[in-house]
Amino acid sequence: MGRVSMAVASASLVLALAGCRAQAAEAPAQAGDRAAIDLQQKTARFAVTDLSADLSALPANEREALAHMVRAAQVMDALFLEQVWSGNETTFHLLAKDDSPLGRARLHAFLVNKGPWSRLDHNEPFVAGVPDKPASANFYPAGSTKAEVEKWIASLSPADKERATGFFTTIRRGPDGKLMAVPYSTEYQGELALAAHHLRAAAAATRQPTLKAFLESRAAAFVSNDYYDSDVKWMELDATIEPTIGPYEVYEDEWFNYKAAFEAFITVKDQTESDKLKKFAGSLQEIENNLPIDPGYRNKRLGALAPIAVVNTVYSSGDGNRGVQTAAFNLPNDERVIREKGSKRVMLKNNQQAKFDQVLTPISKVALAASDQGSIAFEAFFTHILMHELMHGLGPHDIVVGGRTTTVRQELKETYSAIEEAKADISGLFALQFLIDKGQLDKGLEKTMYTTFLASAFRSLRFGINEAHGRGQAIQLNYLLDRGGFKVNADGTFAVDSAKIRDAVTSLTREIMTLQAEGSYAKAKAMIDTLGVIRPQTKALLDKLTSVPVDIEPRFVTALDLVK
Ligand code: ZN
């Protein structure tokens with residue numbers, strides 16, 4: 001019963017981790033210790049940033065509930081470490097005992113990356129003697145191969161196959177050497193019991209019924225391994241505290257994307273932004289009716305809006321706090337819940353603010369002329385992100401091509417994601433301008449939103465154009481440059497041409513939505529091939545950004561205060 005003792009050891013890991021992070025973050029830099037300094041510099045690409053949330057509206061009992069949720073979330077860190085690699089716990093304890101500058105730097109990097117590999121550097125190891133990061137993580141048995149697991153899965157009955165490929169089982173080898181599926185509730189029994197205990201304590205403290213229902217049902221799911229009911233309760237949450245905790249995303253399982261990694265986002269609702277969203281939602285049909293496309297392509301009646309929650313992070317952990325920080329997420333992933341209840345988008349406002357302050361503002365100092373730097377504003381940045389999310393729901397989706405009913409996604413195939421991301425961005429600008437012209441948004445936004453958008457293009461492009469958001473951003477930047485809406489100054493900085501930007505934005509919105517309405521793969525492909533590229537002037541600017549942080553490393557000061 002190695003698993004039980006492992007669980008006990010990991011419960012102590014939970015406590016060790018909770019105490020360790022702040023200490024490691026202040027690793028001393030000793031001149032002369034080259035390796036320590038090099039590693040520290042790599043880790044410093046994540047700018048250490050205090051992340052706080054305003055709890056003044058919460059009564060004492062709700063703060064108590066929140067503190068219990070933070071403790072439950074701390075368990076997710078230990079669980080995630082265990083899921084990433086079977087050697088993580090041992091490595092953590094070795095690093096924690098090493099007081100040398102290099103030891104401290106390694107521990108810091110380990111905690112940021114949730115393992116001894118640098119996620120920003122193609123998982124290059126930074127601890128001597130560790131193997132390459134396993135693509136199978138710790139979800140499949142040591143020594144097994146992908147082909148072996150695949151063959152075994154193919155041999156199973158439908159019911160067994162569902163278990164083996166499900167989100168919430170690991171694959172292990174039994175005493176007879178055969179492969180078997182082990183439920184998370186057994187595999188991680190000790191830690192999940194601990195997390196469930198904290199969630200029940202939180203449920204007992206809160207007086208908000210939907211929150212209590214979610215906390216109780218999620219605690220039960222940790223024990224039963226059946227997450228359906230608690231996923232439904234998560235969709236029904238209507239409370240000042242918005243917790244997301246459990247096994248969710250499957251990226252860490254690089255073999256099959258079957259297995260869910262543990263994470264938590266313990267957050268509180270942002271009332272101001274939630275009200276703003278509500279206001280926008282009331283204008284969406286009017287925006288749709290005025291889209292710059294053939295009226296026949298417009299939706300006469302928009303469907304129901306998918307729920308969006310704007311929140312501030314109090315604490316995040318596990319898969320939700322490794323390497324580059326999440327700015328927003330869509331959950332749940334369970335298709336059955338999505339069919340019945342839809343899914344919810346959660347936007348982490350204070351994470352976005354931290355990224356804006358630590359990354360976007362320094363980028364703007366390099367990318368823009370001095371006279372334009374005052375036109376960068378978080379309000380414009382975040383309002384555009386909100387509108388981006390809403391605009392995904394507008395424009396063509398279900399289409400008819402040559403008499404055949406189909407969808408934009410089906411027709412555009414692999415070009416779909418980049419084109420759709422570009423659409424949401426550019427039509428988001430179009431929509432904000434529309435609301436400004438109608439007097440529904442402050443006129444001052446006109447000055448800031450285009451310049452802020454320009455600076456934020458470089459933030460996305462730094463992550464490359466192999467991913468949909470970066471590729472979509474390149475399309476827009478190049479198109480707007482070609483149309484004169486953006487221009488390059490003699491010194492290589494970029495600027496907005498306020499006389500031309502509006503028409504350029506309108507015309508790109510028209511081009512993208514029209515090719516979507518036509519389901520034209522050829523036009524989408526041509527747009528990506530000609531515009532979805534990094535041109536020399538952009539490359540020259542990106543090369544000047546090497547000293548700007550890539551992202552943030554949050555210090556959860558509100559949470560630290562709560563659990564003190
Ligand atoms: Zn998007």
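Biologist: Where is proline 332 found?

Modeller: Look in the loop between strand S9 (328–331) and helix H14 (335–341). Those labels come from DSSP runs numbered from the N terminus, where a helix is H or I over at least four residues and a strand is E over at least two. Residues are numbered from 1 along each chain as its sequence is written, and side-chain values use heavy atoms, with hydrogens and water left out. Bear in mind that this is a predicted model: local features need pLDDT of at least 70, side-chain atom pairs count only at pLDDT 80 or more, and totals for chains, interfaces and linings use all residues.

Biologist: What makes the peptide bond from leucine 331 to proline 332 cis?

Modeller: Its omega is near 0°. Most peptide bonds are trans, and most residues other than glycine have a negative phi.

Biologist: Speaking of phi, what is the value for lysine 114?

Modeller: About 55°, a positive phi although lysine 114 is not a glycine. You'll find lysine 114 in the loop between helix H5 (101–113) and strand S2 (117–118). Histidine 122 also has a positive phi, near 50°, and isn't glycine either. Histidine 122 sits in the loop between S2 and strand S3 (124–125).

Biologist: Are lysine 114 and histidine 122 buried or exposed, and how do you know?

Modeller: Set their values against the cut-offs: buried means under 20% relative accessible area, exposed means over 50%, and partly exposed is in between (1.4 Å probe, protein chains only). Lysine 114 has 4%, so it's buried. Histidine 122 has 78%, so it counts as exposed.

Biologist: Why is the contact between glutamate 148 and arginine 173 called a salt bridge?

Modeller: The term asks for a side-chain nitrogen of Lys or Arg within 4 Å of a carboxyl oxygen of Asp or Glu. Here N to O is 3.0 Å, so the pair passes. Glutamate 148 belongs to helix H6 (residues 146–154) and arginine 173 to strand S4 (residues 169–173), so the bridge ties together parts that are 25 residues apart in sequence. Both partners are partly exposed: glutamate 148 has 29% relative accessibility, and arginine 173 has 34%.

Biologist: How many salt bridges does the rule give?

Modeller: The count comes to 36. Among them is aspartate 561 with lysine 564, whose closest N and O atoms are 3.0 Å apart. Aspartate 561 has a relative accessible area of 51%, so it's exposed. Lysine 564 counts as exposed too, at 79%. Elsewhere, salt bridges that share partners join Asp270, Glu273, Lys276, Lys349 and Glu379 into one network.

Biologist: Which residues are the protein donors of the zinc ion, and what makes them donors?

Modeller: They're His388 (NE2), His392 (NE2) and Glu421 (OE). Donors are N, O and S atoms within 2.8 Å of the metal (3.2 Å for Na, K and Ca), and these lie 2.1 Å from the zinc ion, so they qualify. Water is not among the atoms, so sites may look incomplete. In sequence the spacing is H-x3-H-x28-E. Histidine 392 comes from the loop between helix H16 (378–391) and strand S11 (398–401), and glutamate 421 from helix H18 (residues 416–437), so they tie together parts that are 29 residues apart in sequence. Both of these residues are buried.

Biologist: Why are helices H12 and H16 called oblique?

Modeller: Angles under 35 degrees count as roughly parallel, over 145 as roughly antiparallel, 65 to 115 as roughly perpendicular, and the rest as oblique. Helix H12 (residues 271–281) packs on H16 at about 50°, with the axes 11 Å apart. That angle is among the rest, so the two are oblique. The axes are lines fitted to C-alpha atoms, for helices over the stretch in contact, and angles run from 0 to 180 degrees between N-to-C directions. By contact I mean heavy atoms within 4.5 Å. Leu277 and Phe280 are among the H12 residues that meet H16, where the partners include Phe382 and Leu386.

Biologist: And how are H18 and helix H19 oriented to each other?

Modeller: Roughly antiparallel. The axes of H18 and H19 (residues 444–461) cross at roughly 170° and come within 10 Å.
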